[in-house]
Structure formats: structure tokens, C-alpha cells
Amino acid sequence: MLFRRMYFHLSKAVTAALRLMQAGRIREAEQKLIAAQQVTEDMCLSGKSTERE
């Protein structure tokens, strides 16, 4: 179940980042992706979901 949460968290972040890029907000998109990476790494290392956005 954890990997499903991680997948959906990253998927939502990628979708949001693509929309930000289309709007020309590249730096915000980059920050969104970095934050999502950090959250999913934390999820993986702790073995649980930490819904932080």
C-alpha cells in the first residue's frame, strides 16, 4: 500500500508541475517536484505515508 501512496503522490506532483510549466512558472514546477521527491523519500525511509504538501 505504501508504494501506491508514493506513486500517487509523485503522479499528482508531476501533473501539477506540468501545468505550472505550461503556464511558464518553471521555478515553481521545479520546487513542486523537489518537494514531492523529498516527501516520497521520507515515506520510503520511514515505511509510512506522510502526507506533506
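Is Y7 buried or exposed? I looked it up: Y7 has 54% relative accessibility and counts as exposed. For these words I used relative accessible area with a 1.4 Å probe on protein chains only: buried is under 20%, exposed is over 50%, and partly exposed is in between.

**Ground rules.** I am working with a predicted model, in which local features need pLDDT of at least 70 and side-chain atom pairs count only at pLDDT 80 or more, while totals for chains, interfaces and linings use all residues. I number residues from 1 along each chain as its sequence is written, and side-chain values use heavy atoms, with hydrogens and water left out.

**Helix α1.** I took helices as DSSP runs (H or I, at least four residues), numbered from the N terminus. Helix α1 covers residues 2-22, which makes 21 residues. I compared its length with the expected span, defined as 1.5 Å times one less than the number of residues.

Next I listed the buried residues of α1: L2, M6, H9, A13, A17 and L20. Seen down the helix axis, they fall within an arc of 65°, so they line one face. I took the arc from the directions between the helix axis and the C-beta atoms. The buried residues pack against α2, where contact means heavy atoms within 4.5 Å. On the other side of α1 I found R4, Y7, K12, R19 and Q22 exposed. After α1 comes G24, with a positive phi near 85°.

**Aromatic pair.** I searched the whole structure and found one aromatic pair. Y7 and F8 form it, edge-to-face, with 5.3 Å centre to centre and 70° between the planes. The rule takes rings of Phe, Tyr and Trp (its six-membered ring) with centres within 6.5 Å; planes under 30 degrees apart are stacked, over 60 edge-to-face, and the rest tilted. F8 is partly exposed at 44%.

**Salt bridges.** I counted a salt bridge where a side-chain nitrogen of Lys or Arg lies within 4 Å of a carboxyl oxygen of Asp or Glu. How many salt bridges are there by this rule? I got two.

- R25 and E28 meet at 2.8 Å, N to O. R25 is partly exposed at 40%, and E28 is partly exposed at 37%.
- R27 and E30 meet at 2.4 Å, N to O. R27 is exposed at 51%, and E30 is partly exposed at 38%.

Why can R27 and E30 be described as about one helical turn apart? They are three residues apart in helix α2, residues 26-46. An α-helix has 3.6 residues a turn, so residues three or four places apart point the same way.

Key
Helix = DSSP H or I, 4+ residues; strand = E, 2+ residues; numbered from the N terminus.
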